[in-house]
Amino acid sequence: MCVTGTSRKQRMSLVDTIRNTFVPIHREGYPFIAGFAGATIILGYFWEPLFWIGFVLTAWCIYFYRDPQRVTPIDDKLVISSADGIVSAVGPAVPPRELGLGTGEMTRISVFMNVFSCHINRAPVRGRIKTIVHKPGKFLNAELDKASAENERNSLLIESPNGEVAVVQIAGLVARRIVCWADENKALSIGERFGLIRFGSRVDVYLPQGFTPRVAIGQMAVGGETVIAEFGGAASAPLVRLS
């Protein structure tokens, strides 16, 4: 049978559509997905309703560990969101003491991730990782402001072209594991993946003077894509309205 060029293109188009529909899964999720799937099969053998409950939980686990591609603007003037979620804080705050940035306030932009958010964390700026510090702590609701100081966290200090920028992964009420695969003294590209937090959490970005916020509290942010601040911006922080 002869296959025409048009038919071949149609088949390739269908393959591309199917491929693009399924988002890649990060390898950190493989053990958890396998565990959920195994437990589902075992429990379902004894009682069918448990199979369907486990099936839903396994599907959620697969969804949780999704690792989609993102289109990141390459511009040293911009700061990109490190996480998917809701912007929960924009304003002055003292950075974590362990980073050695002093007791003065910096501009903090926080993004809260719920259990349905993509939990891959990305570099907000380009630069070299000067310091990585993990600090044990509590597991309060990550939406609370005091979670920045009291919860378990992992902090990165990045030397960017426009000054030192801190990124803090904060564990939450459900999250019990912060993963960071970045190393000190290594270079990061803007939007590059550097870690994740399992099952609900928050990421804080601390910015030095000269940056202007470009997001507002309540706004949805997309990790690796949403511009959260701009260096040297002449305009003030944007006015917003709910619509």
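Rings of Phe, Tyr and Trp (its six-membered ring) pair if their centres lie within 6.5 Å; planes under 30 degrees apart count as stacked, over 60 as edge-to-face and the rest as tilted. This is a predicted model, where local features need pLDDT of at least 70, side-chain atom pairs count only at pLDDT 80 or more, and totals for chains, interfaces and linings use all residues. Residues are numbered from 1 along each chain as its sequence is written, and side-chain values use heavy atoms, with hydrogens and water left out.

Start with the rings. The ring rule gives 5 aromatic pairs. Are Phe51 and Trp52 buried, exposed or partly exposed? Buried means under 20% relative accessible area, exposed means over 50%, and partly exposed lies in between (1.4 Å probe, protein chains only). Phe51 has 28% relative accessibility, so Phe51 is partly exposed. Trp52 has 47%, so Trp52 is partly exposed too.

Now look at a sheet. Helices (H or I, at least four residues) and strands (E, at least two) are DSSP runs, numbered from the N terminus. Two strands pair if DSSP finds at least two bridges between them. Here, an open sheet of 3 strands runs in the order β1-β14-β12, with antiparallel pairing. β1 pairs with β14 (residues 227–231) over 3 bridges. Val79 stands opposite Ala229 in β14.

Next come the empty spaces. Rolling a probe the size of a water molecule over the atoms shows where empty space is left. On a 1 Å grid over the protein atoms alone, a cavity is a set of points where a 1.4 Å probe fits but cannot get out; a pocket is an open set with protein on both sides within 12 Å along at least five of seven lines; lining residues have an atom within 4 Å of a point. The structure holds 2 cavities of 30 Å³ or more. The largest cavity has a volume of about 40 Å³. Its lining includes His26, Arg66 and Cys118. The second largest cavity holds about 30 Å³. Among the residues lining the second largest cavity are Leu78 and Phe211. The largest pocket holds about 230 Å³. It is lined by 13 residues, and Val94, Pro95, Pro96, Ser148 and Ala149 lie nearest its centre.

Finally, follow the chain across space. Ile25 sits in the loop between α1 (5–21) and α2 (30–46). With a relative accessible area of 23%, Ile25 is partly exposed. Ile25 and Arg66 are 41 residues apart in sequence, and 4.5 Å apart in space, C-alpha to C-alpha. Ser88 belongs to strand β2 (residues 85–93). At 26% relative accessibility, Ser88 is partly exposed. Ser88 and Ala216 are 128 residues apart in sequence, and 8.4 Å apart in space, C-alpha to C-alpha.

Conventions
Grid points are joined across faces, edges and corners, and a volume is the space filled by probe spheres set on the points.
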